[in-house]
Amino acid sequence: MRCATRALRDGYRLVRPLLFTMDPEDIHVRMIDALGVLPATTRAVVKDPVEVAGIRFPNRVGVAAGLDKDGRAARAWARFGFGFAELGTVTAQAQPGNPLPRLFRARASHGIVNRMGFNNDGAPALARRLADFGVARGNGALGIPLGISIGKTKIVEGPGIVDDYLASLEAVAPYADYVAINVSSPNTPGLRDLQAAAELERLLAALTSAAHVHDGLPVFVKLAPDLEGSALDDTLAVVTGSGAAGIIATNTTLSRDHLAPQDAHLAAEAGGLSGAPLSTRALRFVEHVAAGTDLPVMGVGGIMRPVDAARMFDAGAVLVQLYTGFIYEGPALVRGIHEWEGR
Ligand SMILES: Cc1cc2nc3c(=O)[nH]c(=O)nc-3n(C[C@H](O)[C@H](O)[C@H](O)COP(=O)(O)O)c2cc1C
């Protein structure tokens, strides 16, 4: 790790206890708002660039969905060295999400438990914001490709679900370099049931043909790490045959394995667990997925140190994304991954 990166890391670790005295959601909103006032840059860090699904990524480290749901800080991510950002998850209708509190630090474990429940301003609002930023698909206005994650509006059920996803896709398609279909968040009742083969087949058929009309907009599918055995293999077969461009693995887990004893009280909180406790599960999942499909895989889950990203690449991921690691380690983690020897 280079000197400047080590200094950045140590500086962040010095201020982290102060940041962590504040309510987690409160500080998150403040940070995103603060980043939102930074002007855009069109210059990205170019390191090991790669073309995936027809998109040119200047480097392989991205912002995971949920960190910037409404794209308020979209102009800032290239500055931190990210090679792409996945905005959202947005839903067709704006919605408040779950009651507070809904975000918890598992500090001793370097993890987060969240049950945000897709709080967001809605897909049309994100589309308007990106239009204001001068973003159009493929124009590189913010220096890096943008994915947009779409999910199900909470109050929509049954036969309306496909149309609800389609409405989001239509709203964001002109601004997205790829669309991520989120069927794996644990915090919207019934959402993960959409990963079951029959449901997923119908949903993806509709979404991939709609995306096709938008000049072949690539569709990625994000999976939960709790899928196992034949259910996972059936899901993988469906995604692989659906015309989707790739897989994002993984979302948060319902498991509470690897929580430190000091965080044991969080085991009872409903929601998904991310960060260090998820590292091994996510890595194994990515290995399994990469072996079971020809589609490119974005690896996400528990990347807390540069070596965790290296392991994701070794497991077959072509790109990686960060959420919890960025909260615990700050921007030095992005740089550290770029500087990791052997890359
Ligand atoms: C507070 C919070 C909110 C999240 N919101 C979303 C979301 O809206 N959509 C989504 O696909 N994933 C969401 N995630 C999951 C992350 O994108 C990522 O898949 C997961 O946290 C594992 O990566 P990590 O260990 O690096 O955090 C969220 C995660 C956290 C911690």
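Predicted model: local features only at pLDDT ≥ 70, side-chain atom pairs only at ≥ 80, totals over all residues.
I started at the ligand and found a polar side-chain atom of T324 lying 2.5 Å from one of the ligand's oxygen atoms. I'm counting a polar contact as a pair of N or O atoms within 3.5 Å; within protein, one must be able to donate a hydrogen and the other to accept it, and residues adjacent in sequence count only if both atoms are side-chain atoms. K222 puts a polar side-chain atom 2.9 Å from a ligand oxygen atom, and N182 has one at 3.1 Å from an oxygen atom of the ligand.

Residues are numbered from 1 along each chain as its sequence is written, and side-chain values use heavy atoms, with hydrogens and water left out.

Which residues come nearest to the ligand? I listed A65, T89, G275, G302 and T324, out of 21 residues around the ligand. "Around" here asks for a heavy atom within 4 Å of the molecule.

I placed T89 in strand 4, residues 84-90. Helices (H or I, at least four residues) and strands (E, at least two) are DSSP runs, numbered from the N terminus.

I also noted a cis peptide bond from L100 to P101, omega near -10 degrees. P101 sits in the loop between strand 4 and strand 5 (103-106).

Then I looked at A53, whose phi is near 55 degrees, a positive value in a residue other than glycine. A53 belongs to the loop between strand 1 (50-52) and strand 2 (55-57).

**Helix 3 and helix 4**

I moved on to helix packing. The axes of helix 3 (residues 123-132) and helix 4 come within 8 Å and cross at roughly 10 degrees. Axes are lines fitted to C-alpha atoms, for helices over the stretch in contact, and angles run from 0 to 180 degrees between N-to-C directions.

On the helix 3 side I have A123, P124 and A127, meeting S168, A171 and V172 of helix 4. Contact means heavy atoms within 4.5 Å. By class I get five nonpolar, one polar and no charged residues. Ala, Val, Leu, Ile, Met, Phe, Trp, Tyr, Cys and Pro count as nonpolar, Asp, Glu, Lys and Arg as charged, and the others, Gly among them, as polar.

**Helix 4 and helix 5**

Helix 4 (residues 160-172) packs on helix 5 (residues 197-213) at about 25 degrees, axes 10 Å apart. Helix 4 and helix 5 are therefore roughly parallel. The contact uses V162, Y165, L166, L169 and E170 of helix 4, and L203, A206, L207, A210 and A211 of helix 5. I sorted this contact into nine nonpolar, no polar and one charged residues.

**Helix 5 and helix 6**

What angle do helix 5 and helix 6 pack at? I read about 15 degrees, with axes 9 Å apart and helix 6 covering residues 229-240. A197, L200, E201 and L204 in helix 5 meet D234, T235, V238 and V239 in helix 6. This contact divides into five nonpolar, one polar and two charged residues.

Technical notes
Parallel < 35°, antiparallel > 145°, perpendicular 65-115°, else oblique.
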